[in-house]
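Biologist: I'd like to learn how to read helix packing and cavities. Could you walk me through an example?

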Amino acid sequence: MTSLNLTVPLAVDFNDAADYFIFIANLLIATSAVLVAGSVVLGILCKKTLRGQNRFIFMLNTSISDTLSGLGGYYIGLFDVQEGFPSRNGTYYILPSLLGVNILTIFFSQVDRFLAVVYPYAYNRFITRTVVIEVCFFAWFYTYLMLTIQNLVTVQVAAQIRSYSTLTFQAIIILKVLLNVKLYLIAKYQIARDPPGPERDSKKESLRLIIVVVVCFLALWTPRFYCIIVFQMIRSRYMFDNNASDPLSMMLRFTATCTPGLYIWGSPALREAVLKTVWGRVCPPLRKR
């Protein structure tokens, strides 16, 4: 794995129209992630009512990760960078590992919504805001602890750790799908029997949102993940010129825009906070909407 050079060439040489398309597409992906995810971060931080709800803490955690992914996208998407083995101008997997933070956080948020709806009394007693913050911190700690160990040990040991991490994430994906099915059934049948009111509407909104987020996240993320596994099984190299020219890598980085965008779409309270508190300061007419 090579170290980060001070002079890194651009990802494309602009010899044909495809080079311009690749460069502009990656620029738009990075910029949209910073603007959308950054707006969610500011919207939640600026509204005390949102910070006090557990589900918004999970949204805040993934949106912080997505904002950093967007900022990192200016490097990975615009310059000649190849993360992997062998690496070229790589970041020692620091930027790609932000995706691992999101995978764990979204999984924990699924468990949170399941417990909140199925076991409301135990949930209100034990799952406090402090517990949720600690869980979010664990997602960062575990991801970067494993990455630190992987970067300090030999290549052989690092490969073993990477295999272990891959198996772990495969198990998490299976659990994500199963939980999504369970949450869908809960939203369809159990909540429908609850009496009308703000509490039922809140439960329905939170369940619908996490279901849609997980479906879109997996749809954008899993193609590259399983494609790499297949190439490893057939002992072939999955290799584009760099990460910028890899369409599956672009899909991966687009999750940093898609996930916070779905948060805004699915939560009226968050949408109001983003429009009035964040963008209302930039464009005053939005405050009146």
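Biologist: Let's start with helix α3 and helix α6: how many Å apart do their axes come, and at what angle do they cross?

Modeller: Keep in mind that this is a predicted model. In general, two packed helices are described by the angle between their axes and the distance between the axes. Here, the axes of α3 (residues 54–76) and α6 (residues 129–152) come within 9 Å and cross at roughly 25°. Angles under 35 degrees count as roughly parallel, so α3 is roughly parallel to α6. The crossing of α3 past α6 is right-handed.

Biologist: And which residues in α3 and α6 meet?

Modeller: On the α3 side you'll find N54, I57, F58, N61, I64, S65 and L68, and they meet R129, V132, I133, V135, C136 and W140 in α6. Sorted by class, that contact has 9 nonpolar, 3 polar and 1 charged residues.

Biologist: Now the holes. How many cavities of 30 Å³ or more does the structure hold?

Modeller: There are 2 of them. The largest has a volume of about 140 Å³, and 14 residues line it, with R55, M59, S109, I210 and Y263 nearest its centre. The elements giving two or more residues to that lining are α3, α4 (98–118) and α8 (198–233). α4 has the largest share, 5 residues.

Biologist: What about the second largest cavity: which residues line it?

Modeller: Its lining is I29, A30, A33, S69, G70, G73, R253 and A256, around a volume of about 40 Å³. At least two lining residues each come from α1 (17–46), α3 and α9 (247–266). By class, the lining splits into 4 nonpolar, 3 polar and 1 charged.

Note on methods:
Residues are numbered from 1 along each chain as its sequence is written. This is a predicted model: local features need pLDDT of at least 70, side-chain atom pairs count only at pLDDT 80 or more; totals for chains, interfaces and linings use all residues. Side-chain values use heavy atoms; hydrogens and water are left out. Axes are lines fitted to C-alpha atoms, for helices over the stretch in contact, and angles run from 0 to 180 degrees between N-to-C directions. Helices (H or I, at least four residues) and strands (E, at least two) are DSSP runs, numbered from the N terminus. Angles under 35 degrees count as roughly parallel, over 145 as roughly antiparallel, 65 to 115 as roughly perpendicular and the rest as oblique. A crossing is left-handed if the near helix is turned anticlockwise from the far one by less than a right angle, and right-handed if clockwise. Contact means heavy atoms within 4.5 Å. Ala, Val, Leu, Ile, Met, Phe, Trp, Tyr, Cys and Pro count as nonpolar, Asp, Glu, Lys and Arg as charged, and the others, Gly among them, as polar. On a 1 Å grid over the protein atoms alone, a cavity is a set of points where a 1.4 Å probe fits but cannot get out, and a pocket is an open set with protein on both sides within 12 Å along at least five of seven lines; lining residues have an atom within 4 Å of a point. Grid points are joined across faces, edges and corners, and a volume is the space filled by probe spheres set on the points.
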